[in-house]
Amino acid sequence: MLRFILHRTLLMVPTLLGVAVLVFFMLRLMPGDPVATMLLGDAGGANISKEIIEAERARLGLDQPLYVQFFKWFWGALQGDFGFSMWTGQPVSYEIAIRLELSLQVAVMATMLAVLLALPLGTLSAIFKDTWIDQVIRMFSIAGLAVPSFWLGMIIILLLLSVFSWIPPLTFTSFVEDPWENLSQLIWPALAVGYRYSAVSTRMMRSSILEVLQEDYIRTARAKGVRERLVVARHAMRNALLPVVTVIGLEFAFLIGGLVVTEQVFNLNGIGKLFVQAVARSDFTMIQALVLLVSVFFVLINFVIDMLYAFLDPRIRYH
Amino acid sequence: MDQLTALGGAQAPAASHSPWLLEVEDLHVHFVTTRGVVRAVEGISYKVKPGETVALVGESGCGKSVSSLAIMRLLAKPAGRVVAGRILFQGRNLLELSEDEMREIRGRDIAMIFQEPMTSLNPVLTIGFQIMEPLLIHLGMTEEQARARAMDLLKMVGMPDPERRLDQYPHQFSGGMRQRVMIAIALSCNPRLIIADEPTTALDVTIQAQILKLMKDLSRDLGIALVMITHNLGIVARYADRVNVMYAARLAEQGAAAAVFAKPLHPYTAGLLRSVPRLDQPRGARLETIEGLPPNLLDPQPGCRFAPRCPAQRDACVAAPPPLAEVEPHRYSACVRAKEMARVGPTGLGLQSANPQPPVPKRLDKARPLMKVDDLKTYFEVGAGFQVFKNTRSEVRAVDGISFEVFRGETVGLVGESGCGKTTVGRTLLRLEEATGGEMVFEGANVTRAGGQQLKDYRRKIQVIFQDPYSSLNPRMTVGEIIAEPMRVYRLVPDAKAARDRVAELLTQVGLFEYMAERYPHELSGGQRQRVGIARALAMEPSFIVCDEPVSALDVSIQAQIINLLEALQEKYRLTFLFIAHDLAVVRHISNRVIVMYLGRVMEIADRDTLYAEPLHPYTRALLDAVPIPDPALEAKREYRVLGGEVPSPLNPPRGCVFHTRCPLAGDECKMAIPGLREVRPRHFAACIKI
């Protein structure tokens, strides 16, 4: 088991290295010069001379050969220094840090909601296949797939406003500072996102349980005289969780930085919003750091999924 | 555990007087499907005494498994349901019990063993827990008591090192060992009855013999009744006291095993017994088969289900279904001519020819081998790919230095248990795998590394028929397209019209109809699909065909039809076959010479009759011993030795002679040197230093 963990950990290194190289060089292929965008955009392009642009490029290090730029950036990134935003001039790590807490919290809360809803609902739906229970749960989950999160978000805000004449606070307060204030702001986006998320997972759980219930070992368990409740809880659920874990994990990684529109609706200053701004402003250093951040999350989540797999399935553990 | 205390008042007295443990009376099971109601079981009745072994025999789809699941009330819900009948177990009608009462019987009084040991155990729970579970549920044991009992049970079923094995997971066990675990689970609560549904079908012959012997010994020692569901008549003959023959959802015949085999009283039983090739009888010209196909249970014809395939059919057969009636004392048959059959025998009814034709000698061209294989080696690397840690890659020597010759017009049988490398030999000959060493010479040309046009020419002359007719045909292509595809690739036909004509011709040759060219594979039965596979191979006009387990997925009566077809085609087109199979009786029937393989090496090569009459190698002898012969009288007299142990992992084969770990003759010297294949007698080669 230890060897398995070590193996998986070491495998993350080349993956992340590959991501770093790809991100850096692909950005350089993008049309649009960041300096030109920044200076011409602001001043309408009238009195900016070529010399000023060149000077600015030299200041940002953009006049150096690409590989030099890469190694400088990469060396810094390894030490946690992603340079300065080409737009705001603030350190990239600072810009990300002030937003990451919020995005991470929404993602975690949405995931918790999804898991808490999906596992029992999916299982119930499978056990009572084709009965009214199944129909209701399926309606619930199909609606979740069909309704966009931002639309649900708007409905939530409108309801809060018209029923309670109250809207969630607009500024972010850390959970540690004031949990109540924090939750009263973030619970709503988590709900809006978590609903769709739980719908996907419920459907996955349902089909997974249905598949497992057809397996020969379920028949063996029944032939042993195991109670139907235990047949499901003990023999079916653990086997059925494997594909569900994958879906939940990947969805979680997506939520970091993927909530562009929902953040807009709830006026949250999160990673998603930062992403869009950075791309619009050709803020190379910012984009690089963000893509790398999301990639790290994906790789880490996959690592966690692998660990969960190994925990759930001994065939993987002992391989 | 006194069962009677648990019984409801009214039924209890009856229970104590009945000599029967299980009485199935007029059982009807229906499955509701989107295409209509399938009558899977129609009026089955049989009884089981405490401690005896009763077999349910029949081909796939005849309802034998469904009827046993009905006893356990484990039919797939909501599609399957018992619509009529009674199932009395110790006098209680199981069909009237509540779900909770039924659950107490399952696993405690009636246990079940299933066909697929690979999938019947839960992969994420330890073996120990899976054995302990019924003990915890039914006997109220504590964890420690249950664990101790689980260890005893593992010892009882012959599991080495039971203490350590308890904490392992199913994937760490071989198929045979998993089936032992299933038996341990079944035995855990000392049941009165064990239902075993094809318990050894997925296992190799030597392992099959071990498992069946274990089950039989345990059931005798512990007084447990056994209901054995199987399609293998040999198993019935070796192990069953009484037998029920099923055909198309109904019982055809019932009686003591010895009597049924000696004197079948239903044409279907007679047909089944005739269509299996047997190790104990001389080979006839061709296998006698049951022509035609079993009926579709969605819409069966009235009258006797077997009538359309029965050579002794009368008008009365079609009118109404004949009831199961007592023909002789304790002998029941559902045939209107059973009494007549009892008097004159199957021959008298015209069910079989009185004088079997002797086999026609094959025309062989012994001057020059068509295919000469010399020291062929095929190794596979496993664990390759990106590895952070070294030393994880290793080598499987699937085929490790084998040599043989095949002459034109001949059939060479290649037998061995799973993992012996027989399929790899076939795939290497077909150039689907690259040989690691050695050479293959075909029609005088070395084809081991042939490429380009030479390889293309070679591939046209050597064709293959695969094992599984269900997965080896592309489901999105019609039969006509499947057969015509290679002809188009090789431009054997000038245009589409010529291709169609050729497809029609080939279909007729393999016993199908021209109109079937428009059909898709799923519209055909297993036997028909295998015929399509044969037609596809013939389309290339090959001289050499590798037949890789071509009949092992088919029912007995269909198997015989395909074997006869292959032989007829061989005679007509002077084909040469390499016939790869694990069924020794089938290989004996079809082959001129036989090669026995074990763990990548050849153990013995000899002419068919020599090999089966006087096997030299201890492995060949053990294989032949392990095969039960469908004749209880003969089986009772037979002294067979059950080979112990398991086939070692090909990743780590034993040093010296690969067979020494299981060999009854092996001594220390066998661990030292790898025995070469030597000509012990003229044209009879064996690789053993002890003979």
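This is a predicted model: local features need pLDDT of at least 70, side-chain atom pairs count only at pLDDT 80 or more; totals for chains, interfaces and linings use all residues.

I began with strand S1 (residues 22-33) and strand S4 (residues 80-89) of chain B: they run antiparallel and eight bridges join them. Strands here are DSSP runs (E) of at least two residues and helices are runs (H or I) of at least four, numbered from the N terminus. Two strands pair if DSSP finds at least two bridges between them. I looked up one bridge: His30(B) has Arg81(B) as its partner in S4(B).

Residues are numbered from 1 along each chain as its sequence is written, and chains are lettered from A and ligands numbered from 1 in the order in which they are written.

Next, the whole sheet. I found an open sheet of four strands in chain B, ordered S2-S1-S4-S5 with antiparallel pairing. Which are the edge strands? They are strand S2 (36-48) and strand S5 (92-93) of chain B, each pairing on one side only. Helix H2 (residues 64-72) of chain B packs on this sheet and touches S1, S2 and S4 of chain B. Its direction makes about 110 degrees with that of S1(B). For such angles, axes are lines fitted to C-alpha atoms (for helices over the stretch in contact), and the angles run from 0 to 180 degrees between N-to-C directions.

Then I moved to the domains of chain B. The assignment, automatic or from a database, gives domain 1 (260-348) and domain 2 (365-686). Their C-alpha centres lie 33 Å apart. I noted 17 residues of domain 1 of chain B in contact with 22 residues of domain 2 of chain B; contact needs C-beta atoms, placed from the backbone, within 7 Å. On the domain 1 side, helix H10 (257-262) and helix H11 (267-275) of chain B are the elements giving two or more residues. H11(B) gives the most, with four residues.

Last, chain A. Helix H1 (residues 2-28) and helix H13 (residues 284-312) of chain A pack at about 160 degrees, their axes 10 Å apart. That makes H1(A) roughly antiparallel to H13(A), a label for angles over 145 degrees. Among the residues making the contact are Phe4(A) and Leu27(A) of H1(A), and Phe284(A) and Ala310(A) of H13(A).

Notes:
Angles under 35 degrees count as roughly parallel, over 145 as roughly antiparallel, 65 to 115 as roughly perpendicular and the rest as oblique. Two residues are in contact if their C-beta atoms, placed from the backbone, lie within 7 Å.
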